[in-house]
Amino acid sequence: MRLSIKEPVPQLFEAWELLSQAADAHLSGELKSAEALIHEANNPALWAWLYPEWEKCHLNVIDKLPHGDTTPVPKSERDTKRFLTSSDKVALLKRDGYRCRYCGCPVISPEVRKLICRLYPAAAPWDENSPTNRHMGLQALWLQFDHVVPYSHGGCSDVQNSVVSCALCNFGKDKYTLLQLGLEDPRLREVVQVNWDGLNRLLAVATPPTKLKFPTPTGSLTVNPVRPIGTYFIPGAHISAGYLFTPPIAGKERWFKLGPEVEATQADRRGAVGCVLKCAPNLLIRRGLSPDQFADVP
Ligand SMILES: [Zn+2]
């Protein structure tokens, strides 16, 4: 059994990081810098990654008729409520956070995306009719809600049968069942809360103000234009092809793209092999890691 239709790639987290930096830059009044970061997050490599599983969902099926699976039910027997209500969505975001329950990638709500597209139309294109003419970072991180048991199989449009999902996990799953796709039920895994607000912090300053449809989680990131650098030791981490990869921490691996402001070297501390990472503490916070917990003590 697999966790998701497709494993997230480092470019996805890179786009997330760039968009998050763009939000901070926008909120600090550095609009040119925000625009450049949004432009950089529009990475065509993400479409190459999304495309096959997104456009040809039937190819995601591993077993057409698995033993003991649910089957389509007549329309007359389906839930009379086709879509989730706003209060269902609020409850789901409170439970799951702004994170896909299948693949674990962070997500950004359509309200925030529309605001970014309105503020930076050249850097953030969005053609409703053509997935290839959309900002690829925003598309890959698109917040959606998925019926775990398909609606057509009698799955209800309620909180119990729904999870927060990214676009690929929702579109790639399409009308198929977990068994057909060989997917684990994401509801059986504990929710890993991360300190990520889905960029809702942008909505609070939008002009004219954009109605905040969904709640901002408590403890969401504060804007900090000054970026102090911390030194951290991550046991078991390794460096490969310009990235630092952590081992699973609370069940999830993380990536850090190395560069002028994110440096890493192999090191050992009291017999544990890993990496020393020098970067802004908020890079750890965005990945659900505590800077205090990983503070390096040479
Ligand atoms: Zn996903």
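The legends below describe close-up views of a predicted model.

Local features are reported where pLDDT is at least 70 and side-chain atom pairs only at pLDDT 80 or more, while totals for chains, interfaces and linings use all residues. Residues are numbered from 1 along each chain as its sequence is written, and side-chain values use heavy atoms, with hydrogens and water left out.

**View 1. An open sheet of three strands, in the order β4-β5-β6.**
The pairing in this sheet is antiparallel. β4 (238-240) and β6 (255-257) are the edge strands, each with a single partner, so one side of each has no neighbour in the sheet. From one strand to the next the twist averages 25°. Strands are DSSP runs of E with at least two residues, helices are runs of H or I with at least four residues, and both are numbered from the N terminus. Two strands count as paired if DSSP finds at least two bridges between them.

**View 2. The pairing of β5 with β6.**
Strand β5 (residues 243-245) pairs with β6 in the antiparallel sense over three bridges. Phe245 has Trp255 of β6 as its bridge partner. In general, strands of a sheet pair through backbone hydrogen bonds.

**View 3. The salt bridge between Glu14 and Lys257.**
A salt bridge is a side-chain nitrogen of Lys or Arg within 4 Å of a carboxyl oxygen of Asp or Glu; the structure holds eleven of them. In the pair Glu14 and Lys257, the closest N and O atoms are 3.5 Å apart. Glu14 belongs to helix α1 (residues 10-27) and Lys257 to strand β6, so the pair ties together parts that are 243 residues apart in sequence. Glu14 counts as buried because its relative accessibility is 17%, where buried means under 20% relative accessible area, exposed over 50%, and partly exposed in between (1.4 Å probe, protein chains only). Lys257, at 42%, is partly exposed.

**View 4. The salt bridge between Lys173 and Asp146.**
The N to O distance is 3.0 Å. Lys173 lies in helix α7 (residues 167-173) and Asp146 in strand β1 (residues 144-147), 27 residues apart. Both Lys173 and Asp146 are buried.

Glu184 is partly exposed, with a relative accessible area of 30%.

Notes: Axes fitted to C-alpha atoms, helices over the stretch in contact; angles between N-to-C directions.
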